[in-house]
Amino acid sequence: MEKSTSGWINGFIGVAIFAGSLPATRVAVADFEPTFLTCARATIAALLGIVFLIVLRQPRPKRGDLLSLVITAIGVVIGFPLLTALALQHVTSAHSIVFLGLLPLCTAAFAVLRGGERPQPLFWLFSLLGAILVAGYALMNGGEGSAVGDLLMTAAVVVCGLGYAEGARLSRSLGGWQVISWALVVALPFMLLLTIVNLPAAEAFAKVSTPAWFSFGYVSLFSMLIGFVFWYRGLAQGGIAAVGQLQLFQPFMGLGLAALLLHEHVSWTMLVVTLGAVVCVAGAKKYAK
């Protein structure tokens, strides 16, 4: 299998895993305080990452890799989970799709700034059209917004795009799962301390619903660790800017899961916009290099 093809497959698996992140976070913050949720999920994922690094006898990163790992940790371990958890107290998960539609474009911009990639001009056209298509659909169907929530989601998209691009750049030499594992390790002292400081009382845990516990488990294991194993590998193999456009599918995967599991209605406009996103991703892929 060609390296670029493998990159797109790994990237698609990563996006599919991330598709449930915002809905799961929305469910979890109903019973968990956002700061605790962010820190606890990162702590759990970091402990698993340490086990993988030790069992598989991975060498320590080079000193020159430390800054990139810190940037990655700030972007995807701390920044995006915390900012989205705070934002989802003010906006619905559906409304947050507006901002997820801008994430591929943001990732591509940081791929140029940090990853040294130089897509062709038509790539930016397809990328911009895809962002407008997804964000426009979400604006029509995402419910009411909030100035605070929108500001938090905007910040989340920026730091996430930076974390994606920086982690993918480092994955070229360090490896995909190694990058997210070491980034989690870098953030562990800070996140563990905040987890302890923000630990709820025992009676509060007793009131947590079963869906919230399942959502907590999902964002800890899949959103925070397993998804990144595929995602960073895909970005490194297929190109950050190109494979990053697969994120245009994430909102529709989430809505599809809602239709499948919760029997929510899927409109014809969603199908049309999904088809448009497919065309934009195909165009971006063609002109990425």
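## Buried contacts, nonpolar cores and a surface patch

Val208 counts as buried, because its relative accessibility is 10%, where buried means under 20% relative accessible area, exposed over 50% and partly exposed in between (1.4 Å probe, protein chains only). This is a predicted model, in which local features need pLDDT of at least 70 and side-chain atom pairs count only at pLDDT 80 or more, while totals for chains, interfaces and linings use all residues. Residues are numbered from 1 along each chain as its sequence is written, and side-chain values use heavy atoms, with hydrogens and water left out.

**Around Val208**
- Val208 sits in the loop between helix H10 (202-206) and H11, where helices (H or I, at least four residues) and strands (E, at least two) are DSSP runs numbered from the N terminus.
- Although Val208 and Asp31 are 177 residues apart along the chain, their C-alpha atoms are separated by 5.6 Å.
- When neighbours within four places in sequence are left aside, Val208 is in contact (heavy atoms within 4.5 Å) with Asp31, Phe32 and Trp213.

**The nonpolar cores**
- A nonpolar core is a set of buried Ala, Val, Leu, Ile, Met, Phe, Trp, Tyr and Cys residues joined through side-chain atoms within 4.5 Å.
- The largest nonpolar core has 68 residues, and those with the most contacts inside it are Val77, Tyr164, Leu184, Phe228, Trp231 and Tyr232.
- Helix H8 (residues 147-174) gives the most to this core, with 10 residues.
- Apart from this core lies another one, of 12 residues, among them Val29, Phe36, Leu37 and Phe216.
- Val77, one of the residues with the most contacts inside the largest core, touches partners that include Thr38, Ala42, Ile180, Leu184 and Met224, leaving aside neighbours within four places in sequence.

- Leu37 is placed in helix H3, and Leu37 counts as buried because its relative accessible area is 0%.
- Not counting residues up to four places away in sequence, Leu37 touches Thr25, Ala28, Val29, Phe32, Phe216 and Val219.
- Leu37 and Val219 are 182 residues apart along the chain, and their C-alpha atoms are separated by 9.1 Å.
- Ser215 belongs to helix H11 and is also buried, since its relative accessibility is 9%.
- Ser215 touches Ala24, Val27 and Ala28, again not counting residues up to four places away in sequence.

**A nonpolar patch on the surface**
- Ile44, Leu48, Val51, Phe52, Val55, Leu56, Leu221, Phe222 and Ile226 form a nonpolar patch on the surface, with about 710 Å² of accessible area together, by the Shrake-Rupley method with a 1.4 Å probe.
- Such a patch is made of residues with over 30% relative accessible area and no salt bridge, with nonpolar side chains joined within 5 Å and, in patches of charge, like charges within 9 Å; a salt bridge is a side-chain nitrogen of Lys or Arg within 4 Å of a carboxyl oxygen of Asp or Glu.
- Helix H3 (34-55) and helix H11 (210-238) each supply at least two residues of the patch, and H3 gives the most, with 5 residues.
- Val51 is found in helix H3 and counts as partly exposed, because its relative accessibility is 45%.

**Cysteines**
- A search of the whole structure finds 0 disulfides, a disulfide being a pair of cysteine sulfur atoms within 2.5 Å.
- The sulfur of Cys106 is 8.1 Å from the closest cysteine sulfur, which is in Cys160, and this is too far for a bond.
- Cys106 is buried at 14% relative accessibility, and Cys160 is buried at 1%.
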